[in-house]
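Dear colleague,

Please find the structure below, handed over for your files.

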Amino acid sequence: MKAEYWNVEDSQVMEKTGKKLADWKMILDDFKAAERKSNEVVAFLQADFGVPRYWARTLVTNYLKK
């Protein structure tokens, strides 16, 4: 995956998800996202937070790459 797909700015994330990257990092840490399959984490963000699939995938990839 190209870096421009996951290397996003806080302003972009706020506009599309309503939260900052730091907020999503805490949520994903609490969910133990690094220990789960990425599809499971994407589904969690979609179901529990209403994040659109593209942005859920972007957040998960960003989280795992950093």
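**Aromatic residues and the charges over them**

Lys 19 lies over the face of Trp 24, 5.8 Å from the ring centre. A charge is taken to sit over a ring if NZ of Lys or CZ of Arg is within 6 Å of the ring centre and within 35 degrees of the ring normal.

Please note that this is a predicted model, in which local features need pLDDT of at least 70 and side-chain atom pairs count only at pLDDT 80 or more, while totals for chains, interfaces and linings use all residues. Residues are numbered from 1 along each chain as its sequence is written, and side-chain values use heavy atoms, with hydrogens and water left out.

A search of the whole structure finds four aromatic pairs. Rings of Phe, Tyr and Trp (for Trp, the six-membered ring) pair if their centres lie within 6.5 Å; planes under 30 degrees apart count as stacked, over 60 as edge-to-face, and the rest as tilted. Phe 31 and Phe 44 form a stacked pair, because their ring centres are 3.7 Å apart and their planes lie at 5°. This pair links distant parts of the chain, with Phe 31 in the loop between α3 and α4 and Phe 44 in helix α4, 13 residues apart. Phe 31 is buried at a relative accessible area of 15%, and Phe 44 is buried at 14%. Here buried means under 20% relative accessible area, exposed over 50%, and partly exposed in between (1.4 Å probe, protein chains only).

Tyr 54 and Trp 55 form an edge-to-face pair, since their ring centres are 5.6 Å apart and their planes are at 80°. Tyr 54 is partly exposed, with a relative accessible area of 49%, whereas Trp 55 is buried, with 12%.

Trp 24, Phe 31, Phe 44 and Phe 49 form one aromatic cluster. Of these, Phe 49 is found in helix α4 and is partly exposed, at 36% relative accessibility. Phe 49 touches Lys 19, Trp 24, Ile 27 and Phe 44, leaving out residues up to four places away in sequence; contact means heavy atoms within 4.5 Å. The C-alpha atoms of Phe 49 and Gly 18 are separated by 9.9 Å, although the two are 31 residues apart along the chain.

**Overall fold**

The secondary structure comes to five helices and zero strands, and the elements run α-α-α-α-α from the N terminus on. Helices (H or I, at least four residues) and strands (E, at least two) are DSSP runs, numbered from the N terminus. The radius of gyration is 11 Å, close to the 11 Å that the globule rule gives for 66 residues, so the protein is as compact as a globular protein of that length. That radius is taken over C-alpha atoms, and the globule rule is 2.2 Å times the number of residues to the power 0.38. Along its principal axes the C-alpha trace spans about 25 × 25 × 20 Å. Of the 66 residues, 35% count as buried. Residues 24 or more positions apart account for 49% of the contacts with a separation of 6 or more.

A nonpolar core is a set of buried Ala, Val, Leu, Ile, Met, Phe, Trp, Tyr and Cys residues joined through side-chain atoms within 4.5 Å. The largest has 18 residues, of which Val 13, Trp 24, Leu 28, Val 41, Leu 45, Val 51 and Leu 59 touch the most other members. The elements that give two or more residues to this core are α3, α4 and α5, and the largest share, five residues, comes from α5. Val 51 touches Thr 17, Trp 24, Leu 45, Gln 46, Ala 56 and Leu 59, not counting residues up to four places away in sequence.

The buried residues of α5 include Trp 55, Ala 56, Leu 59 and Tyr 63.

**Two lysines**

Lys 32 is found in the loop between α3 (21–30) and α4 (38–49). Its phi is near 60°, a positive value in a residue other than glycine, and Lys 32 is partly exposed at 47% relative accessibility.

Lys 66 lies in the segment after α5 and is exposed, at 64% relative accessibility. Leaving aside neighbours within four places in sequence, Lys 66 is in contact with Trp 6 and Asn 7.

With kind regards
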